[in-house]
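Hi everyone, thanks for coming. Let's take a short tour of a structure that may be new to you.

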Amino acid sequence: MSGNQLAAAPAVGRRAAVTTGVAGAGMLAATRMAKAVDCANIFETNCGACHQGGGNNIITGHTLSKTAMEQYLDGGWNKEAIEYQIRNGKGPMPAWEGVLSEDEIKAMTDWVYEQSTTTFKDVN
């Protein structure tokens with residue numbers, strides 16, 4: 001809707017047009033960011049050597065399943081603890097802050113959290 005069309009529209013119509021435009025822009029930005037971060041590819045490229053299939057080839061039992069994270073992850077199974085681990089690493093796991101972008105770290109946090117109850121749920 002152009003500025004002239006917006007000015008000529010009734011007040012309720014203008015509010016709806018502006019609200020719809022803002023909401024649409026937000027959804028478009030979120031969609032672009034989600035498409036820009038390929039979590040499966042980041043995982044395979046950067047994490048897969050040690051965490052193939054959500055497992056752990058270095059420390060037995062310290063997998064990416066919810067159950068293992070509840071037991072072994074400092075802070076337990078929650079997004080804040082997962083993000084902290086991704087950013088800072090621990091033991092043999094490297095820190096990814098400064099390697100991955102902020103958007104990638106946030107997306108990987110959400111992705112690992114989700115995978116821990118789905119794809120990686122039964123990994124021992």
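Let's start with two helices: α3 and α6 pack with their axes 10 Å apart, at an angle of about 95°. Helices here are DSSP runs of H or I with at least four residues, numbered from the N terminus; axes are lines fitted to C-alpha atoms over the stretch in contact, and angles run from 0 to 180 degrees between N-to-C directions. So α3 is roughly perpendicular to α6, a label covering 65 to 115 degrees.

A word on the source: this is a predicted model, where local features need pLDDT of at least 70, side-chain atom pairs count only at pLDDT 80 or more, and totals for chains, interfaces and linings use all residues. Residues are numbered from 1 along each chain as its sequence is written, and side-chain values use heavy atoms, leaving out hydrogens and water.

Which residues meet where α3 packs on α6? From α3 come Cys39, Ala40, Ile42 and Phe43, and from α6 Glu104, Ala107, Met108 and Trp111, with contact meaning heavy atoms within 4.5 Å.

Now the largest nonpolar core, which has 19 residues. Such a core is a set of buried (under 20% relative accessible area, 1.4 Å probe, protein chains only) Ala, Val, Leu, Ile, Met, Phe, Trp, Tyr and Cys residues joined through side-chain atoms within 4.5 Å. Among the members touching the most others are Cys39, Phe43, Met108 and Trp111. Helix α6 supplies the largest share, five residues.

Finally, Gln115 sits in α6, residues 102–115. Gln115 counts as buried because its relative accessibility is 10%.

Conventions
Buried < 20%, exposed > 50% of the residue type's maximum accessible area, 1.4 Å probe, protein only. Parallel < 35°, antiparallel > 145°, perpendicular 65-115°, else oblique.
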